[in-house]
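Student: Take a close look at one part of this model for me. I would like the strand pairing and its surroundings, in one connected account.

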Amino acid sequence: MNNRNMEYCVIPPQCDAEFAASMEDVLETYEKPYDSNHPVFCMDEQPVQLIKDVKVPIEATTEHPRRVDYEYERAGVANILMYTEPFAGWREAYAREIKTKADWALLMAELLEGRYANCETVTLVCDNLNTHTRGAFYEVFEPSRARGLVKRISWCYTPKHGSWLNIAENELGSITRQCVGGRRI
């Protein structure tokens with residue numbers, strides 16, 4: 001099959017009431033006026049294959065660009081977690097060896113007790129992945145701290161097959177295409 005005449009994408013389901021309802025929740029969340037005491041931020045994650053050179057690259061000269069042998073060795077995977085507050089123009093990416101509920105809850109707590117410490121509540125836009133749960137906080141922290149963190153989050157989940165509505169996923173896509181696409185990490 002000739003792939004040059006084909007584009008891969010996620011095709012949303014036809015006439016799916018749950019999809020439409022979740023999509024409208026996300027879009028209405030983005031329409032709200034900016035409120036620094038109740039900010040909207042988005043998060044998503046992406047696995048990245050780590051590879052290393054088998055042969056030492058030849059550095060660039062005035063006659064040739066840097067040359068890298070096509071052969072490489074797999075060196076594991078990492079996970080990039082992207083957090084962005086689109087209306088404030090803020091984003092941060094974190095690299096982790098693994099991605100568990102605990103990793104997610106620790107990063108969320110760091111944000112809630114750091115960047116968002118003075119905010120009454122935050123709205124979190126994320127996909128409905130099994131690591132993005134209220135229970136993750138209870139698995140990591142004592143109940144009173146977990147409850148305090150959970151109460152400050154207003155959850156807004158993107159619909160299944162609609163993660164493209166998450167601005168953090170779009171940020172990750174831009175990084176992949178513009179910064180790390182075709183590069184060895």
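Tutor: What follows goes from the sheet to the residues around it.

This is a predicted model: local features need pLDDT of at least 70, side-chain atom pairs count only at pLDDT 80 or more, and totals for chains, interfaces and linings use all residues. Residues are numbered from 1 along each chain as its sequence is written, and side-chain values use heavy atoms, with hydrogens and water left out.

Some terms first. Strands (E, at least two residues) and helices (H or I, at least four) are DSSP runs, numbered from the N terminus. Two strands pair if DSSP finds at least two bridges between them.

Now the individual pairs. Strand 1 (residues 40-53) and strand 2 (residues 72-85) run antiparallel, joined by eleven bridges. Gln 46 has Ile 80 as its bridge partner in strand 2. Strand 1 also runs parallel to strand 4 (residues 122-126), with three bridges between them. There, Cys 42 has Val 125 of strand 4 as its bridge partner. Strand 4 then pairs with strand 5, in the parallel sense, over five bridges.

Follow the chain out of strand 4. The loop between strand 4 and helix 3 (134-140) holds Thr 131 and His 132. His 132 counts as buried because its relative accessibility is 0%; buried means under 20% relative accessible area, exposed over 50%, and partly exposed in between (1.4 Å probe, protein chains only). Its side chain makes a polar contact of 2.9 Å with the side chain of Asp 127. Such a contact is a pair of N or O atoms within 3.5 Å; within protein, one must be able to donate a hydrogen and the other to accept it, and residues adjacent in sequence count only if both atoms are side-chain atoms. Setting aside neighbours within four places in sequence, His 132 is in contact (heavy atoms within 4.5 Å) with Met 43, Glu 45, Trp 104, Cys 126, Asp 127, Trp 155 and Tyr 157.

Thr 131 is buried too, because its relative accessibility is 8%. Residues up to four places away in sequence aside, Thr 131 touches Lys 99, Thr 100, Lys 101, Trp 104 and Ala 136.

Helix 2 (residues 101-113) has 13 residues and reaches 18 Å from its first C-alpha to its last, close to the 18 Å expected at 1.5 Å a residue; the expected span is 1.5 Å times one less than the number of residues.

Beyond strand 5, the loop to helix 5 holds His 161. His 161 is not a glycine, yet has a positive phi of about 70°. His 161 counts as partly exposed because its relative accessibility is 44%.

Helix 5 (residues 167-180) contains Gly 173. Gly 173 counts as buried because its relative accessibility is 15%. The C-alpha atoms of Gly 173 and Gln 46 are separated by 9.2 Å, though the two residues are 127 residues apart along the chain.
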